[in-house]
Amino acid sequence: MSKTRVVITGLGATTPVGGDVASTWEGLLAGRSGAKLLTADWVEELPVKIAAPAAVEPTEIIERVKARRLDRNAQFAVVAAREAWADSGLADVELDKTRLGVAIATGIGGLLTTLTNYDALRSGPRRVSPLAIPMLMPNSAAANVGLELGALAGVQTPVSACASSNEAISLAADQIRLGRADIVVAGGAEGSIAGLPLAAFGQMMALSKRNDDPERASRPWDVDRDGFLLGEGAGVLVLETYEHAVARGAKIYAEFAGAGITADGHDIVQPDPTGSGAERAMLQALREGDLAAGDIVHINAHATSTPTGDVAEAIAIRKALGSATDHAIATAPKSMVGHLLGAAGAVESIATVLALHHRVVPPTINVDKVDDGVDLDIATEQRKLPDGDVAALNNSFGFGGHNVALAFKSI
């Protein structure tokens, strides 16, 4: 694969702490939790009654007619993609759309549409919406973003559980480096706060049950963590060749350095306790980016607040970076936004890029006492990054043993 330089020129997000990138970044820096006690009728019988819903309803932003034709998952994707595209400045540039691609991931897809139409089916087949299939299909978010932008270089939808959107960003960079596109709009979306996933994750003992204290529920690396907090939203980045960005005078946030994609081969749900697969993913990302362990000054960790996952990742980081781990500041945005499943990697990639761009790492909240199995330099308040050429890692891991590590460089 050629070493075509790939840079980030646009960012878009809608999350539990903000309806756009600026408010999300401000919320992360402030250590503000997006967790809430859910009050809908369907929550009443559930053992877990907390989640991190989006701070701004997508229907407040998308035109009413269009919103009704999109599942919540795709609504989030469109909101974030519109912001990223506007931020990139490409809306004002005459483009060859055959060189424009899209890679928008999801972990579950149009779940709410599926549930709504299954309920409708009980009253008869004619109650099912004729738009149900294009709304519920996992590629709906990517397809609708592609249609809005007129992307003709390929529209793709990685689905690898909670590693999905990091995989989409890696795919976007590959498409550019392989010469298939000059620009790719990439990220992920998820809108699955509903009774079925909350009940199912609850039955797996994967969710925090701190119903009486939602804002303290997600506590990565803390000794008293008891599971993750389900979130929703989307994150989208615009990736393009360095040459193309410079030629049009674009603002450049950071450079995409490399990616590592591996599998644990261990269990459908549990991570490999040795961290071997995650370690290999990080090492691959470093190799692809021509980076040394000592170049990494920041790690945006997957750290979901689960008892086994947080320790396995900490072990993997220590193995991958060795003694350089001592000089890499780690943070866990899921302590504030919860776990956005297929959108998590993209939202956290945005946080990683902004940390490099502004030279500041957001805190991890709710860390009262660090687990003895976690040997990391954890930011529990804002931390400054050094000047000069530095790099950061963003990890995302998913059910099925999927591991994706992305490396970004300052510019």
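Mentor: Start with Asp-368, which is exposed at 53% relative accessibility. Exposed here means over 50%. Keep in mind that the model is predicted. The side chain of Asp-368 meets that of Arg-216 in a salt bridge, at 2.5 Å from N to O. The two residues are 152 apart in the chain: Arg-216 sits in the loop between helix 8 (195-203) and strand 7, and Asp-368 in the loop between strand 11 (360-361) and strand 12. Arg-216 is partly exposed, at 29%.

Elsewhere, salt bridges with shared partners join Glu-63, Lys-66, Arg-82 and Glu-148 into one network. Take one pair from it. Lys-66 and Glu-148 form a salt bridge with an N to O distance of 3.6 Å. Lys-66 belongs to helix 2 (residues 64-68) and Glu-148 to helix 6, so the bridge ties together parts 82 residues apart in sequence. Lys-66 is partly exposed at 22%. Glu-148 is also partly exposed, at 34%.

The count of salt bridges comes to 21. One of them pairs Glu-255 with Arg-5, with the closest N and O atoms 2.9 Å apart. This pair spans 250 residues, from the segment before strand 1 to strand 8 (residues 254-263). Glu-255 is buried at 7%, while Arg-5 is partly exposed at 32%.

Eleven strands form an open sheet with mixed pairing, in the order 5-4-6-7-1-8-15-14-9-10-12. Strand 5 (155-156) and strand 12 (377-378) are the edges; each has a single partner strand, so one side of each lacks a neighbour in the sheet.

Look closely at strand 6 (residues 183-190). Eight of its eight residues are buried. Ile-183, Val-185, Gly-187 and Ala-189 lie on one side, and Val-184, Ala-186, Gly-188 and Glu-190 on the other; both faces are covered. Strand 4 (residues 100-105) pairs with strand 6 in the parallel sense, over six bridges. Leu-100 has Ile-183 as its bridge partner there. Strand 7 (residues 233-241) pairs with strand 6 in the antiparallel sense, over eight bridges. Ile-183 stands opposite Glu-240 on that side. Strand 7 also runs antiparallel to strand 1 (residues 6-14), joined by eight bridges. Val-6 is opposite Thr-241 in that pairing.

Helices cover this region. Helix 3 (residues 72-88) lies across strands 1, 4, 6 and 7, at about 135 degrees to strand 1. Helix 6 (residues 140-149) packs on the sheet and touches strands 4, 5 and 6, its direction at about 155 degrees to that of strand 4.

Next, the loop between strand 5 and helix 7, where Cys-162 is found. An unreviewed UniProt entry places an "active site" feature at Cys-162. Cys-162 is buried, at 11%. Beyond its neighbours within four places in sequence, its contacts are His-302, His-339, Leu-341, Gly-342, Ser-396, Phe-397 and Gly-398.

Finish with helix 7 (residues 164-177). It packs against helix 13 (residues 344-358) at about 65 degrees, with the axes 5 Å apart. Ser-165, Asn-166 and Ile-169 of helix 7 meet Ala-344, Gly-345, Ala-346 and Ser-349 of helix 13. Three of these contact residues are nonpolar and four polar, with no charged residue.

Definitions and conventions. Residues are numbered from 1 along each chain as its sequence is written. This is a predicted model: local features need pLDDT of at least 70, side-chain atom pairs count only at pLDDT 80 or more; totals for chains, interfaces and linings use all residues. Side-chain values use heavy atoms; hydrogens and water are left out. Axes are lines fitted to C-alpha atoms, for helices over the stretch in contact, and angles run from 0 to 180 degrees between N-to-C directions. Helices (H or I, at least four residues) and strands (E, at least two) are DSSP runs, numbered from the N terminus. Contact means heavy atoms within 4.5 Å. Ala, Val, Leu, Ile, Met, Phe, Trp, Tyr, Cys and Pro count as nonpolar, Asp, Glu, Lys and Arg as charged, and the others, Gly among them, as polar. Buried means under 20% relative accessible area, exposed over 50%, partly exposed in between (1.4 Å probe, protein chains only). Two strands pair if DSSP finds at least two bridges between them. UniProt positions are given in the numbering used here, feature names are shortened, and annotations may be inferred rather than shown by experiment. A salt bridge is a side-chain nitrogen of Lys or Arg within 4 Å of a carboxyl oxygen of Asp or Glu.
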